[in-house]
Amino acid sequence: MELGTSRIYNVKLAVKNLQDSIAFYDKVLSFFGFKGTLYQNDPIDKRDTYVMGNGQIFLEFVEMPELVPDADTTTMAWPRIEFRAKDKDEVDRFHQHLLKNQIKILCPPSYLFQEVLDYNKGDFWYGTYFIDSNGLKFALVCTPYPEIDARNKQHKEYRKTTRTV
């Protein structure tokens, strides 16, 4: 299996305070249709774990302050997780959602990296970045890579023609 045909399904993150993180992510990730469930004494970590998901991707939050990395809270630099938006309008709507919920914005919606990468083939990387109280950084970005989108479409078309009943 090629990694290009796979998707990330689950990410587990250490947080400093689970209750604060639950309140934060319930507000932020509701935009994507995420719903959460608290598992008391999760059998894997032997700790309370908050699992949020939208049926396609799941994030797990576990209170383990000793594992939360120190992060530069003034920049978009790592560590961070980026979600891919379907278009620029979704990034703009998400940014408004963040503002409405008084979330700390690291970078308002903008075209990123064109000047740094000397890329002038149109809209390349449009996104907004935010940070939580743990120093975890997230973004919603629109990255219209035509070659990747075309390959995914070709793969889907191929799968339609090779399915057996």
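Which residue forms a salt bridge with Asp-42, and how far apart are the closest N and O atoms? The partner is Lys-12, and the closest N and O atoms are 4.0 Å apart. The model is a predicted one, and the distances here are computed from its atoms.

**Salt bridges**

The structure holds six salt bridges. Lys-12 counts as partly exposed, at 34%.

Lys-12 also meets the side chain of Glu-60 in a salt bridge, at 3.1 Å from N to O. Glu-60 lies in strand β4 and Lys-12 in strand β1, so this pair ties together parts that are 48 residues apart in sequence. Glu-60 is buried, with 13% relative accessibility. Lys-12, Asp-42 and Glu-60 belong to a network of salt bridges that also includes Asp-45.

A further salt bridge joins the side chains of Lys-88 and Asp-92, at 3.5 Å from N to O. These two residues are four residues apart in helix α2 (residues 88-100), so about one helical turn separates them. Both count as partly exposed: Lys-88 has 33% relative accessibility, and Asp-92 has 24%.

| Salt bridge | N to O distance |
|---|---|
| Asp-42 and Lys-12 | 4.0 Å |
| Lys-12 and Glu-60 | 3.1 Å |
| Lys-88 and Asp-92 | 3.5 Å |

**Sheet and helix**

In what order do the four strands of the open sheet lie? The order is β1-β4-β3-β2, and the pairing is mixed. The edge strands, each pairing on one side only, are β1 (10-15) and β2. From one strand to the next, the twist averages 20°.

Strands β2 and β3 run antiparallel and are joined by five bridges. Gly-36 stands opposite Met-52, a residue of β3. Helix α1 (residues 18-29) packs on the sheet and touches β1, β2, β3 and β4 (58-63). The direction of α1 makes about 5° with that of β3.

**The loop between β2 and β3**

Asn-41 lies in the loop that runs between β2 (35-39) and β3 (49-53). The phi of Asn-41 is near 50°, a positive value in a residue other than glycine. Lys-46 is found in the loop between β2 and β3 as well, and has a positive phi of about 60° although it is not a glycine.

Are these residues exposed or partly exposed? Asn-41 counts as partly exposed because its relative accessibility is 48%. Lys-46 counts as exposed, at 58%, since the exposed class begins over 50%.

**Cysteines**

How many disulfides does the count come to? The count comes to zero, with a disulfide taken as a pair of cysteine sulfur atoms within 2.5 Å. Cys-107 is buried, with a relative accessible area of 8%. Cys-142 also counts as buried, at 13% relative accessibility.

Note on methods
Residues are numbered from 1 along each chain as its sequence is written. This is a predicted model: local features need pLDDT of at least 70, side-chain atom pairs count only at pLDDT 80 or more; totals for chains, interfaces and linings use all residues. Side-chain values use heavy atoms; hydrogens and water are left out. Buried means under 20% relative accessible area, exposed over 50%, partly exposed in between (1.4 Å probe, protein chains only). Two strands pair if DSSP finds at least two bridges between them. Axes are lines fitted to C-alpha atoms, for helices over the stretch in contact, and angles run from 0 to 180 degrees between N-to-C directions. Contact means heavy atoms within 4.5 Å.
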